[in-house]
Amino acid sequence: MKKTLTILGFLAVFPAGVALADDDCFVPMADWQPRDAVARLAEGNGWTVRRIKIDDGCYEIDGRDAEGRAIEVTVHPATLEVFEIEYEDDEGDRRDRNREGGDDD
(Lines give C-alpha, C1' and ligand atoms only; values in the text may rest on other atoms or scores of the structure.)
Protein backbone atom coordinates (compact mmCIF):
# COMPACT_ATOMS: atom_id res chain seq x y z
CA MET A 1 0.00 0.00 0.00
CA LYS A 2 2.83 2.38 0.87
CA LYS A 3 4.44 1.73 -2.53
CA THR A 4 1.16 2.49 -4.33
CA LEU A 5 0.73 5.78 -2.46
CA THR A 6 4.31 6.75 -3.28
CA ILE A 7 3.78 6.06 -6.98
CA LEU A 8 0.46 7.94 -7.02
CA GLY A 9 2.06 10.87 -5.21
CA PHE A 10 4.87 10.96 -7.76
CA LEU A 11 2.44 10.83 -10.68
CA ALA A 12 0.36 13.63 -9.17
CA VAL A 13 3.39 15.92 -8.85
CA PHE A 14 5.21 14.97 -12.08
CA PRO A 15 2.87 16.73 -14.57
CA ALA A 16 3.07 19.96 -12.57
CA GLY A 17 6.87 19.78 -12.63
CA VAL A 18 6.88 19.28 -16.38
CA ALA A 19 4.59 22.27 -16.87
CA LEU A 20 6.83 24.46 -14.73
CA ALA A 21 9.91 23.42 -16.70
CA ASP A 22 8.36 24.88 -19.87
CA ASP A 23 8.19 28.37 -18.37
CA ASP A 24 11.74 29.47 -19.11
CA CYS A 25 11.08 33.13 -18.42
CA PHE A 26 8.47 33.51 -15.70
CA VAL A 27 8.90 37.23 -14.94
CA PRO A 28 6.21 39.77 -14.03
CA MET A 29 5.51 42.10 -16.96
CA ALA A 30 6.46 45.10 -14.80
CA ASP A 31 10.05 43.79 -14.75
CA TRP A 32 10.36 43.31 -18.53
CA GLN A 33 12.75 45.36 -20.62
CA PRO A 34 10.99 47.22 -23.46
CA ARG A 35 10.87 45.75 -26.95
CA ASP A 36 13.17 48.56 -28.13
CA ALA A 37 15.88 47.24 -25.80
CA VAL A 38 15.56 43.81 -27.46
CA ALA A 39 15.88 45.46 -30.88
CA ARG A 40 19.04 47.28 -29.70
CA LEU A 41 20.45 43.97 -28.41
CA ALA A 42 19.88 42.43 -31.84
CA GLU A 43 21.44 45.40 -33.60
CA GLY A 44 24.45 45.26 -31.29
CA ASN A 45 24.99 41.63 -32.26
CA GLY A 46 24.73 42.37 -35.98
CA TRP A 47 21.36 40.62 -36.36
CA THR A 48 18.67 41.76 -38.78
CA VAL A 49 15.28 41.45 -37.07
CA ARG A 50 12.29 40.13 -38.97
CA ARG A 51 10.09 40.10 -35.86
CA ILE A 52 10.21 40.06 -32.08
CA LYS A 53 7.56 38.00 -30.35
CA ILE A 54 6.82 36.48 -26.95
CA ASP A 55 7.02 32.70 -26.60
CA ASP A 56 6.81 30.80 -23.28
CA GLY A 57 7.26 34.07 -21.42
CA CYS A 58 10.52 34.88 -23.24
CA TYR A 59 11.30 37.30 -26.02
CA GLU A 60 12.03 35.50 -29.28
CA ILE A 61 13.87 37.21 -32.12
CA ASP A 62 13.37 35.86 -35.64
CA GLY A 63 15.81 37.20 -38.18
CA ARG A 64 19.26 36.78 -39.70
CA ASP A 65 22.72 36.89 -38.20
CA ALA A 66 25.60 38.99 -39.53
CA GLU A 67 26.46 36.19 -41.99
CA GLY A 68 22.92 36.09 -43.40
CA ARG A 69 21.87 32.81 -41.74
CA ALA A 70 18.29 32.51 -40.49
CA ILE A 71 18.22 32.55 -36.67
CA GLU A 72 15.76 32.29 -33.82
CA VAL A 73 17.08 33.74 -30.56
CA THR A 74 15.46 33.25 -27.13
CA VAL A 75 16.05 36.19 -24.76
CA HIS A 76 15.18 36.61 -21.06
CA PRO A 77 12.70 39.51 -20.83
CA ALA A 78 14.14 41.13 -17.68
CA THR A 79 17.88 40.61 -18.06
CA LEU A 80 18.10 40.36 -21.88
CA GLU A 81 20.31 37.30 -21.41
CA VAL A 82 20.47 35.19 -24.57
CA PHE A 83 19.32 31.68 -23.63
CA GLU A 84 19.48 30.00 -27.00
CA ILE A 85 20.32 30.65 -30.63
CA GLU A 86 18.87 28.34 -33.27
CA TYR A 87 20.36 28.42 -36.76
CA GLU A 88 18.36 27.22 -39.75
CA ASP A 89 20.37 25.51 -42.47
CA ASP A 90 19.53 25.46 -46.19
CA GLU A 91 17.27 22.41 -45.81
CA GLY A 92 15.13 24.13 -43.17
CA ASP A 93 16.53 22.09 -40.26
CA ARG A 94 17.31 23.93 -37.04
CA ARG A 95 20.50 23.55 -35.04
CA ASP A 96 20.53 24.73 -31.42
CA ARG A 97 23.43 26.61 -29.98
CA ASN A 98 23.68 27.80 -26.41
CA ARG A 99 25.16 31.14 -25.42
CA GLU A 100 28.67 29.73 -25.01
CA GLY A 101 28.61 28.60 -28.64
CA GLY A 102 28.52 24.80 -28.36
CA ASP A 103 26.26 22.71 -30.56
CA ASP A 104 23.54 20.71 -28.83
CA ASP A 105 23.25 18.19 -31.70
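Buried means under 20% relative accessible area, exposed means over 50%, and partly exposed lies in between, using a 1.4 Å probe and protein chains only. Keep that in mind for the whole talk.

Now, the ground rules. This is a predicted model, where local features need pLDDT of at least 70, side-chain atom pairs count only at pLDDT 80 or more, and totals for chains, interfaces and linings use all residues. Residues are numbered from 1 along each chain as its sequence is written, and side-chain values use heavy atoms, with hydrogens and water left out.

Start with the layout. The protein chain has two helices and five strands. Those are DSSP runs, numbered from the N terminus: helices are H or I with at least four residues, strands are E with at least two. The order along the sequence is α-α-β-β-β-β-β. There are 105 residues, and 27% of them count as buried.

Next, the disulfide. How many does the chain have? The count is one. The cut-off is a pair of cysteine sulfur atoms within 2.5 Å. A disulfide is a covalent bond between the sulfur atoms of two cysteines. Here the partners are Cys-25 and Cys-58, with sulfur atoms 1.8 Å apart. Cys-25 sits in the loop between helix H1 (2-21) and helix H2 (35-44), and Cys-58 is in strand S2, so the bond ties together parts 33 residues apart in sequence. Are these two cysteines buried or exposed? Both Cys-25 and Cys-58 are buried. The torsion about their S-S bond is about 90°, so this disulfide is right-handed.

Stay on strand S2. It spans residues 58-64 and also holds Glu-60. Why does Glu-60 count as buried? Because its relative accessibility is 5%. Contact means heavy atoms within 4.5 Å.

Last stop, helix H2. Its buried residues are Ala-37, Val-38 and Ala-42. Seen down the axis of H2, they fall within an arc of 145°, so they line one face of the helix. That arc is taken from the directions from the helix axis to the C-beta atoms. An α-helix has 3.6 residues a turn, so residues three or four places apart point the same way. What covers the buried residues of H2? The cover includes strand S1 (48-55) and S2. On the face turned away sit the exposed residues Asp-36, Arg-40, Glu-43 and Gly-44. Just after H2, Gly-46 has a positive phi of about 80°.
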